[in-house]
Amino acid sequence: MKLFAPITALCLMAASGISHAADPNLGRNLAATCANCHGTNGQAVAGSGMDALAGMEKTKTLQKLADFKSGVKPASIMHQIAKGYTDEQLDLIATYYAAQK
Amino acid sequence: MMLMKRRDFLKMGAATGAMASMYGCAAGNKAGGHVVVVGGGFGGATVAKYLRMWSEGGVQVTLIERNPTFISCPISNLVVGGLKDMADITVSYDNLKNKWGVRVIQDDVLGVDTAKRTVTLAKGGNLSYDRIVLSPGVDFMYDQVPGLNNAAAQEKIVHAWKAGSQTVTLRRQLESMKDGGVYAISIPKAPYRCPPGPYERACLVAAYFKANKPKSKVVILDANEDIQSKKPLFLKAWNDLYKDMIEYRNNSDVKDVDVANTTALTEFDKFKADVLNVIPPHRAGNIAAKAGLDLVNNRWVSVNWLSMESTNTPGVHVIGDAVFPAPTMPKSGHMANQHGKLAAAAILNLLAGQEPNPNPVLMNTCYSFVAEKSVIHVASIHQYDVATKAPQPVKGAGGVSMARNELEAKVAMGWAQNIWADMLA
């Protein structure tokens with residue numbers, strides 16, 4: 001494994017030029033924390049009453065999350081959950097879900 | 001170089017993947033190998049599915065589970081209260097097998113040889129692994145309640161703290177209890193599985209009594225100093241809905257039971273009930289100690305929070321209720337599911353020769369029914385903190401319901417449907 005350490009380092013260096021992307025799966029991993037309620041990859045169970053996030057336009061998701069955070073949008077629980085993530089993390093989550101079919 | 005062994009062969013495959021990803025710094029994990037998962041509950045089923053899904057079938061996964069189907073602890077208090085049936089909380093493992101290609105073996109694990117990386121199955125034979133995930137849940141410390149330390153006693157005084165046959169037994173005991181009878185539930189000292197669960201159960205049993213056996217009472221014998229979760233909301237529900245029906249006794253640690261007289265013995269007192277529901281203290285499932293894992297207080301497995309790997313045993317990841325919790329982190333099915341995803345991501349990185357994600361996030365939501373159509377929640381978000389090497393709750397985030405409400409009774413069932421699907425569909 002040691003042989004490949006420099007390769008990993010190169011990868012990290014290349015990625016550090018871009019915002020947030022040391023681990024290319026960060027968005028996937030963060031989005032997975034939502035899946036308990038919103039379904040695997042944002043495919044909520046039909047009829048469950050939960051918002052399906054898959055394929056939702058990124059700006060729309062981010063606006064909703066911002067409104068939850070600020071309290072503009074009334075919620076039973078999402079106003080408390082949205083505050084637990086940084087804006088950068090919410091951006092990664094919204095990007096991931098926008099790319100799901 | 002080490003001698004060429006089977007595992008090295010697998011590692012070479014993984015290394016090739018790492019090289020391939022170098023060129024584009026590609027997103028996909030090029031992981032290979034065989035992961036054995038022990039225990040198919042909220043944690044184990046999740047990690048099994050996510051390993052297969054995220055590796056796009058590149059990693060072989062074997063899940064060993066002793067039960068033929070998954071039975072959910074969350075929502076099982078509704079079965080105890082007579083509002084749901086066992087069928088409502090039972091889910092098949094078929095999709096894990098047929099849709100996700102997980103090899104599901106119904107068996108018990110006798111032991112793990114962490115040096116040779118093999119597990120021994122009760123029905124015979126060994127399995128070798130590259131990495132193993134233990135999601136064994138809890139086992140009860142019957143030595144702490146000596147009168148319960150035999151099978152006959154355990155059939156009469158149930159915990160019903162693992163959903164299954166005991167859930168049904170407790171329901172039957174409540175149904176056959178006379179009006180005017182007393183149901184008592186004992187809660188062990190924290191940490192225990194599902195902090196609000198006992199208080200929810202007290203509510204739902206009281207709701208059943210109120211409608212069907214109004215002269216009956218519910219007594220909570222809590223070993224703790226105070227209500228462990230959602231305290232103001234539970235107190236309000238008890239006062240508004242079940243006044244004079246639910247009695248709460250703190251600092252009431254049940255040290256033993258008189259089985260013949262369905263009597264709980266605390267240090268200085270005893271309490272006779274018609275239906276006695278004792279939840280003994282618990283610890284990480286026995287397989288954790290058998291495997292020689294580092295245990296905190298001889299009870300809970302100490303893990304590296306970036307990978308859920310045991311702090312003293314490489315290659316062994318532990319998730320769910322068996323883990324020594326990070327600060328304010330509850331032992332819950334929801335959290336076990338989150339552990340499963342953290343472990344899956346870390347294992348795929350490790351199998352591909354990469355470091356685990358340095359900034360994992362975990363979150364929890366928990367809904368409690370205080371009546372058939374009235375629910376309260378608690379939520380928390382836990383971000384990894386480099387200084388303490390543990391996830392820490394985000395200040396100002398999370399919280400509880402403003403008040404009990406009907407909307408969240410629907411949301412709670414939506415939560416259940418989605419988390420069961422996230423694990424098993």
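Author: The model is a predicted one.

Another tilted pair is made by Y199(B) and Y248(B), with ring centres 6.5 Å apart and planes at 55°. Y199(B) belongs to helix α7 of chain B and Y248(B) to strand β13 of chain B, so this contact ties together parts that are 49 residues apart in sequence. Y199(B) is buried, at 0% relative accessibility, whereas Y248(B) is partly exposed at 23%. Both tyrosines belong to one aromatic cluster, together with F234(B) and W238(B). Over all chains, the count is 10 aromatic pairs.

Rings also meet charges here. The charged end of R28(A) sits over the ring of W54(B), 3.8 Å from the ring centre. Within chain B, the charged end of K331(B) is placed over the ring of W300(B), at 3.9 Å from its centre.

Now the charged pairs. Side chains of opposite charge can pair when their charged atoms come close. The whole structure holds 17 salt bridges over all chains. One of them joins K69(A) and D87(A), with 2.9 Å from N to O. This bridge links distant parts of chain A: K69(A) is in helix α4 (residues 58-70) and D87(A) in helix α6 (residues 87-98), 18 residues apart. K69(A) is partly exposed, with a relative accessible area of 25%, while D87(A) is exposed at 55%.

In chain B, K189(B) and D253(B) form a salt bridge at 3.6 Å, N to O. Here the partners are 64 residues apart, K189(B) in the loop between β11 (182-187) and α7 (197-212), D253(B) in the loop between β13 (246-249) and β14 (256-258). K189(B) is partly exposed, at 49% relative accessibility.

A further bridge in chain B runs between K231(B) and D226(B), at 2.9 Å from N to O. Both ends are partly exposed: K231(B) has a relative accessible area of 32% and D226(B) one of 29%. As for shared partners, salt bridges join K189(B), D253(B) and K255(B) into one network.

Technical notes
Residues numbered from 1 in each chain as written. Chains lettered and ligands numbered in written order. Predicted model: local features only at pLDDT ≥ 70, side-chain atom pairs only at ≥ 80, totals over all residues. Heavy atoms only, no water. Salt bridge = Lys/Arg side-chain N within 4 Å of Asp/Glu carboxyl O. Helix = DSSP H or I, 4+ residues; strand = E, 2+ residues; numbered from the N terminus. Buried < 20%, exposed > 50% of the residue type's maximum accessible area, 1.4 Å probe, protein only. Phe/Tyr/Trp six-rings, centres within 6.5 Å; stacked < 30°, edge-to-face > 60°. Lys NZ or Arg CZ within 6 Å of the ring centre and 35° of its normal.
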